[in-house]
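Hello,

Here is the structure we talked about handing over. Please look at it first, then read my notes below.

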Amino acid sequence: MSQTAVAIPDVEIPPIPVAELAPWAGFVFLIAAIVLFFISADQGAVSIPSGNAIHEWVHDGRHLLGFPCH
Amino acid sequence: MTPRNFLVRGLIAGFIASLFSFGIAYSVGEPQVDAAIAVEQAAAPDEADGHDHHSHSHADDAGTEVSRDHQSTFGLATGILTVGTALGGVIGLASAFAVGRIGRLRPSQSTALVAVVGYVSFSLVPFLKYPSTPPAVGNGDTIGDRTLYYFVVQGIAILAAVAAVVVAHRLLDRIGTYRTVLAAAGGFLLVVVVTALAMPTVNELGDFPADTLWLFRLASLLTNATLWAGIGIILVGLIGRLYERETMTVARKDLAASL
Ligand SMILES: [Zn+2]
């Protein structure tokens with residue numbers, strides 16, 4: 001362990017430029033928001049698509065992950 | 001270190017952590033979900049509108065029924081794996097942004113900070129104001145309001161956390177680490193507490209048994225804590241190794257150039 005600590009030289013850590021990060025972040029945050037919506041809120045307060053198939057399928061996850069459900 | 005490096009590692013961490021989280025949810029949480037459903041059915045054996053667990057909040061279009069066996073296994077796994085993997089990806093990219101931008105923290109350290117701040121603001125704060133409720137608790141008519149309240153508190157907590165980190169970044173060189181952390185954490189706490197006091201209280205428990213409620217909430221807390229701790233620990237390990245490898249490569253190139 002101490003061996004690796006010695007082996008790593010103390011160099012400046014260059015940040016990743018925002019311009020390089022933005023497209024990745026935009027895409028992934030959008031997908032994550034959609035996923036979260038379907039698991040956490042869909043067919044409770046709002047319904048897309050109508051019905052309750054998604055809600056019923058992920059029902060226990062929604063309760064245990066702490067999202068409002070009933 | 002590229003955004004892609006971080007995203008891939010975040011998704012992997014999210015997926016693996018979800019498996020642990022599912023294990024906890026299934027073994028600790030499901031017995032309480034079943035107990036709650038038993039309470040629900042004992043209380044209203046023939047009330048089929050709005051409170052039965054198959055058709056709650058959907059008296060009008062209750063169509064699909066999923067058996068309890070499926071809800072508690074594949075259904076639960078679907079929910080936790082998709083949320084966990086998506087969160088992993090987001091935390092991975094947030095960590096990519098944090099690298100080299102937070103004081104002199106190494107990539108693995110800034111990643112750990114992102115995971116801790118993320119857990120507190122995304123999961124813990126909303127839980128403390130609007131704790132999870134088992135099936136059988138909750139009025140179907142207020143689901144819209146309760147969903148809104150939950151995400152308002154969550155959104156404010158996330159914004160406050162981001163603001164606290166930005167402020168801390170500015171203060172660090174001027175007042176030192178200790179006072180910076182105190183100021184940033186204190187500011188975050190102040191915003192979150194004021195928000196929690198200002199938001200309406202939801203209490204639809206009725207005479208639901210306290211022991212089942214407590215055990216369910218504990219299970220829910222553990223499910224989320226396992227998910228976030230898992231993502232944090234796995235991602236910190238993966239990013240630490242990535243950074244080690246890259247610095248070694250740079251050091252070797254420098255050495256070769258100097259010869
Ligand atoms: Zn429910």
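The contact between the two chains draws 73 residues from chain B and 45 residues from chain A. Bear in mind that this is a predicted model. The size of an interface is often given as the accessible area lost when the parts come together. Here, chain B and chain A bury about 4,900 Å² between them. Carbon and sulfur atoms give 69% of that area.

Polar links across the interface come next. The rule finds seven residue pairs in polar contact between chain B and chain A, both residues of each pair being at pLDDT 80 or more. On the chain B side, H1, H2, helix H3 (107-129), helix H4 (143-198) and helix H5 (210-258) each supply at least two of the residues that touch chain A. H2(B) gives the largest share of that side, with 18 residues. By residue class, the side of chain B that touches chain A splits into 34 nonpolar, 30 polar and nine charged residues.

Now the salt bridges. Side chains of opposite charge can pair when their charged atoms come close. Over all chains, the count by this rule comes to four salt bridges. Across the interface of chain B and chain A, the rule finds one. Which residue does B:Arg68 form a salt bridge with? The partner is A:Asp60, and the closest N and O atoms are 3.0 Å apart. The link is made by the side chains of A:Asp60 and B:Arg68. A:Asp60 lies in helix H4 (residues 59-64) of chain A and B:Arg68 lies in helix H2 of chain B, so the pair joins two chains.

On to the fold of chain B. Chain B has five helices and zero strands. From the N terminus on, its elements run α-α-α-α-α. The C-alpha atoms of chain B fill a box of roughly 85 × 40 × 30 Å, taken along the principal axes.

One helix pair deserves a look. Two packed helices are described by the angle between their axes and the distance between the axes. In chain B, the axes of helix H1 (residues 3-43) and helix H2 (residues 68-98) come within 6 Å. Those axes cross at roughly 150°. The crossing of H1(B) and H2(B) is right-handed. The residues in the contact of H1(B) with H2(B) comprise 17 nonpolar, 13 polar and three charged.

Best wishes

Technical notes: Residues are numbered from 1 along each chain as its sequence is written. Chains are lettered from A and ligands numbered from 1 in the order in which they are written. This is a predicted model: local features need pLDDT of at least 70, side-chain atom pairs count only at pLDDT 80 or more; totals for chains, interfaces and linings use all residues. Side-chain values use heavy atoms; hydrogens and water are left out. Axes are lines fitted to C-alpha atoms, for helices over the stretch in contact, and angles run from 0 to 180 degrees between N-to-C directions. Helices (H or I, at least four residues) and strands (E, at least two) are DSSP runs, numbered from the N terminus. A crossing is left-handed if the near helix is turned anticlockwise from the far one by less than a right angle, and right-handed if clockwise. Ala, Val, Leu, Ile, Met, Phe, Trp, Tyr, Cys and Pro count as nonpolar, Asp, Glu, Lys and Arg as charged, and the others, Gly among them, as polar. Contact means heavy atoms within 4.5 Å. Buried area is the accessible area (1.4 Å probe) that two parts lose on being put together, summed over both. A polar contact is a pair of N or O atoms within 3.5 Å; within protein, one must be able to donate a hydrogen and the other to accept it, and residues adjacent in sequence count only if both atoms are side-chain atoms.
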